[in-house]
Amino acid sequence: MEPILRGDALTTGLSDAEIRRALRNGELERLEPGVYIADASLDDLDRYRMRVRSVGARLSDDTVISHESAAVLHGLALWKPDLARVHVTRDRSAGGRRTASRHLHVAPLPTCDRSEVDGVPCTSMARTVVDLACTLDFDAAVIAGDSAGSREPEFAEALTRCLAESGPRTGIAAARRVAAFVDGRSESPGESLSRVRMQEVGMPSPILQQEIRTPGGLFVGRADFYWEDEGVVGEFDGMGKYDDGGIEAVRREKRREDALRDLGFEVVRWTWPELFRFDVVRARFDRAVARARR
């Protein structure tokens, strides 16, 4: 579904009075002045995506969608995104401004940093992550970076190149820290945040998405996190893995964990709330390591 622009509606023969009546009747919903949608079932993120697309369709050649708005177009995972403003970047050295609905950034826009998503001009995936890493906190930037890495096989190289070609700018040191940490093998925001928390509490770095097999080569499962030297498997329970399978999915996961324990591994699990008191998980991990070494 595309947003409906007032100019296009008038061209098809609708009058302003008819548009106002459709708004009153709930047949149309205003996203912003002159931009409407006809589907009230859209969630906040879909509404925002519509706004971004409508803005992108009217940009000048020296301006592209950027930052969180570009991340939404690219389909990247975002952590608590601010959907109040549409972000654009103009290829100029001065003149940035911010209003209630727009944030105009000014910065160089080399051709390699430009892209398109469904015809909407935006920053490339690598440039988008660099922009986010310069402006958001570490948690949010890593989530977006991991998501980009999982979607684009050459993302790590593109990110390194984008950083190398970036000139001095606010936040570039933070962006380099994020770039050194991102890993496209993280499969969800919860797994990305888990890695950040592990670093914060001093846990050893795990292997991600490790296949576990029996000595005879039979596949047992794929571990979110694997500490080979410690003999521990870590699992982030975001509960999404159980959404479709119901009780049978829970039973499969229990059988899988039993099989891992039969192979001598200790299994440590944690949930969303524990990501914000990860010292509890660290203590659980330490106990599991002690058991594995007996």
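**Notebook: aromatic contacts and overall build**

I began with Trp79, which is partly exposed at a relative accessible area of 21%; since the model is a predicted one, I treat this and every other value here as computed. The cut-off for calling a residue buried is under 20%, so Trp79, at 21%, falls in the partly exposed class.

I then looked up the ring partner of Trp79 and found Phe276, the two forming a stacked aromatic pair with 6.3 Å from centre to centre and 15° between the planes. Trp79 sits in the loop between helix 4 (67-74) and strand 5 (86-90), while Phe276 sits in the loop between strand 13 (266-271) and helix 11 (279-292), so the pair ties together parts that lie 197 residues apart in sequence. Phe276 also counts as partly exposed, with a relative accessibility of 48%.

Turning to the other rings, I noted that a search of the whole structure gives 9 aromatic pairs, and that Phe225, Trp227, Trp270, Phe278 and Phe285 form one aromatic cluster. I also recorded a charge over a ring, where Arg177 lies over the face of Phe138 at 3.8 Å from the ring centre.

For the chain as a whole, I listed 11 helices and 13 strands, with the C-alpha atoms filling a box of roughly 75 × 50 × 35 Å along the principal axes. Of the 294 residues, 45% are buried, and the chain exposes about 15100 Å², of which carbon and sulfur atoms supply 49%. Among contacts between residues at least 6 apart in sequence, 55% join residues at least 24 apart. Last, I checked the charges, and the mean positions of the 44 positive and 49 negative ones are 4 Å apart.

Methods. Residues are numbered from 1 along each chain as its sequence is written. This is a predicted model: local features need pLDDT of at least 70, side-chain atom pairs count only at pLDDT 80 or more; totals for chains, interfaces and linings use all residues. Side-chain values use heavy atoms; hydrogens and water are left out. Helices (H or I, at least four residues) and strands (E, at least two) are DSSP runs, numbered from the N terminus. Buried means under 20% relative accessible area, exposed over 50%, partly exposed in between (1.4 Å probe, protein chains only). Contact means heavy atoms within 4.5 Å. Accessible areas come from the Shrake-Rupley method with a 1.4 Å probe; for residues, only the protein chains shown count as cover. Lys and Arg count as positive and Asp and Glu as negative; His and the chain ends are not counted. The place of a charge is taken as NZ of Lys, CZ of Arg, CG of Asp or CD of Glu. Rings of Phe, Tyr and Trp (its six-membered ring) pair if their centres lie within 6.5 Å; planes under 30 degrees apart count as stacked, over 60 as edge-to-face and the rest as tilted. A charge sits over a ring if NZ of Lys or CZ of Arg is within 6 Å of the ring centre and within 35 degrees of the ring normal.
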